[in-house]
Amino acid sequence: MIYIINTIESRNVEYTKTYNQLLRLGVDKSKILIDFGYTKKDKICKKKYHLIHFNFLERVLPMVIEKHEDLVYLEDSVKPMAKVEDIDIDADKINWLGYLFNTKSFICGVKMVYIPYDICVDIYSKRHSFRPQYIDRLIRNYGLKNDCLKIDENYIMLYPQSTSAWGTATQMKRKEGAKSKLYVESDIESV
């Protein structure tokens with residue numbers, strides 16, 4: 001199993017804390033990768049969120065396939081509370097282990113998700129069939145279409161308050177409401 005932390009270089013504090021927490025949990029250093037992803041200089045995209053879409057399909061999945069490992073995909077600034085190997089997951093499905101909120105029509109936030117190797121290979125083989133979209137929509141739509149999505153109601157991560165200080169007023173309200181469903185830590189510094 002390989003843990004890939006999706007981040008950007010300017011979020012050094014956030015991704016370092018997530019990395020250090022994985023080490024504390026006993027994840028082998030060689031199984032953790034920090035992926036800085038594409039920037040606007042690397043890839044021309046109409047929308048900023050398309051960079052994450054293409055990064056996942058063109059950089060992350062090939063790394064996973066090359067290593068022949070299952071994937072745990074994390075955003076920076078989350079604090080996992082257990083190694084995925086130590087929890088009860090469905091090893092044949094995408095296990096959504098952390099998100100902001102889940103509604104009937106969509107899931108917001110790929111905070112922490114487990115994707116089996118075979119599914120990574122299948123997504124990669126179909127990469128040209130996906131239109132550019134938010135990464136959470138890409139994973140959710142694939143999982144629903146292929147009946148391989150398990151949304152975990154028991155989160156195994158903490159989510160710091162400071163990371164929700166972005167978005168429109170409506171988005172910020174929604175995030176505040178979502179925090180009642182997450183283990184929230186007011187300051188991840190203490191980790």
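Two aromatic pairs turn up when the whole structure is searched, and the model in which they are found is a predicted one.

The pair formed by Y15 and F36 has ring centres 5.3 Å apart, and because the ring planes stand at 75°, where anything over 60 degrees counts as edge-to-face, the pair is given that name. This pair links distant parts of the chain, since Y15 lies in helix α1 (residues 12–24) while F36 lies in the loop between β2 (32–35) and α2 (49–67), 21 residues apart. Y15 has a relative accessibility of 11%, which is under 20%, and therefore counts as buried, whereas F36, with a relative accessible area of 27%, is partly exposed.

The pair formed by F56 and Y73 has its ring centres 5.3 Å apart and its planes at 80°, so this pair is edge-to-face as well. Here, too, distant parts of the chain are linked, with F56 in helix α2 and Y73 in strand β3 (residues 71–75), 17 residues apart. F56 counts as buried at 0% relative accessibility, and Y73 is likewise buried, at 1%.

The two pairs are set out below.

| Pair | Distance between ring centres | Angle between planes |
|---|---|---|
| Y15 and F36 | 5.3 Å | 75° |
| F56 and Y73 | 5.3 Å | 80° |

An aromatic ring also takes part in a contact with a charge: the charged end of R127 sits over the ring of Y124, at 3.8 Å from the centre of that ring.

How values were computed
Residues numbered from 1 in each chain as written. Predicted model: local features only at pLDDT ≥ 70, side-chain atom pairs only at ≥ 80, totals over all residues. Heavy atoms only, no water. Phe/Tyr/Trp six-rings, centres within 6.5 Å; stacked < 30°, edge-to-face > 60°. Helix = DSSP H or I, 4+ residues; strand = E, 2+ residues; numbered from the N terminus. Buried < 20%, exposed > 50% of the residue type's maximum accessible area, 1.4 Å probe, protein only. Lys NZ or Arg CZ within 6 Å of the ring centre and 35° of its normal.
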